[in-house]
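Me: I would like to go through the disulfides of this model with you, and to ask at each step how the label follows from its definition. Could we look at the structure together?
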Amino acid sequence: MDFQDSEKSPDIRGMYKGSKNMKDLRMFLWGKFWIMLITFPPQVVSISYCNEPCRDLNDCDGALICINGKCNDDPTEQTHICRATTTPPPPPPDGSCQPSGTLTCKGYSYPKYSCSPPITSSTPAKLKNNNFSRGGDGGGPSECDGKYHSNKNLIVALSTGWYNGGTRCNQVIHIRANNGRSVKAKVVDECDSRNGCDAEHAEQPPCENDIVNGSDAVWEALGLNKEVGVVNIT
């Protein structure tokens, strides 16, 4: 005779079977978890901006490195990318033309100008080289006539203030270099001092407010080497 109370004494075989099913379920769920982890790995976002949070060197793009949990300049490379974003723009030479704001691109901050220094018989300016042909570093066609021009022509682009909304289009300006040579060139375009860093401006930053962008012919006429980059003129 069996005097075991079935309501108080559990079925050992049932318990073993239930335990085995739970173990199989846990193993199944863990397997699904690892499959999902392999199939959909966590996204790693690369941080390219200064002072943004980071965990290791891979979180910071370009020349930036992770210092104290933030992307910053690499002291061993002596970069100044982040420092440039916080440095205020320098005041204009004559003190009368003030910046109208700043434009930040590629980690650098550039002043924007709607004005230029007053024009006199010997206005100081900086001469740079510009490619006025299609596909050149001048970006789109010239503002004055909506056309591209040969760099063999004596032509220039002026900073926004001097361009003055196009009122100086097709005017001839007299350019003097420090070597004693001079040339006359026609205004055909604006060197935009308010906008930049886009396709229209060939990804170039805004112009300074005292720039004369000359064609190859202008540089050759002045006997200057365009590889120098910037030359003081009047």
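Me: Why is the pair of Cys97 and Cys115 called a disulfide?

Reply: The sulfur atoms of Cys97 and Cys115 are 1.9 Å apart, and a disulfide is defined as a pair of cysteine sulfur atoms within 2.5 Å, so the pair meets the definition. Please keep in mind that this is a predicted model, in which local features need pLDDT of at least 70 and side-chain atom pairs count only at pLDDT 80 or more, while totals for chains, interfaces and linings use all residues. Residues are numbered from 1 along each chain as its sequence is written, and side-chain values use heavy atoms, with hydrogens and water left out.

Me: What does the pair of Cys97 and Cys115 tie together?

Reply: Cys97 lies in the loop between helix 2 (81–86) and strand 3 (101–105), and Cys115 in the loop between strand 4 (108–112) and strand 5 (125–129), so the link joins parts that are 18 residues apart in sequence. Helices (H or I, at least four residues) and strands (E, at least two) are DSSP runs, numbered from the N terminus.

Me: Why is Cys97 called buried, and Cys115 partly exposed?

Reply: Buried means under 20% relative accessible area, exposed means over 50%, and partly exposed is in between, with a 1.4 Å probe and protein chains only. Cys97 has 2% and is therefore buried, whereas Cys115 has 25% and is therefore partly exposed.

Me: How do you know that the disulfide of Cys144 and Cys169 is left-handed?

Reply: The torsion about its S-S bond is about -85°, and so the disulfide of Cys144 and Cys169 is left-handed. The pair links distant parts of the chain, 25 residues apart, with Cys144 in the loop between strand 5 and strand 6 (155–159) and Cys169 in the loop between helix 3 (160–163) and strand 7 (172–176).

Me: Which label, buried or partly exposed, does Cys144 get, and which does Cys169 get?

Reply: Cys144, at 22% relative accessibility, counts as partly exposed, while Cys169, with a relative accessible area of 18%, is buried.
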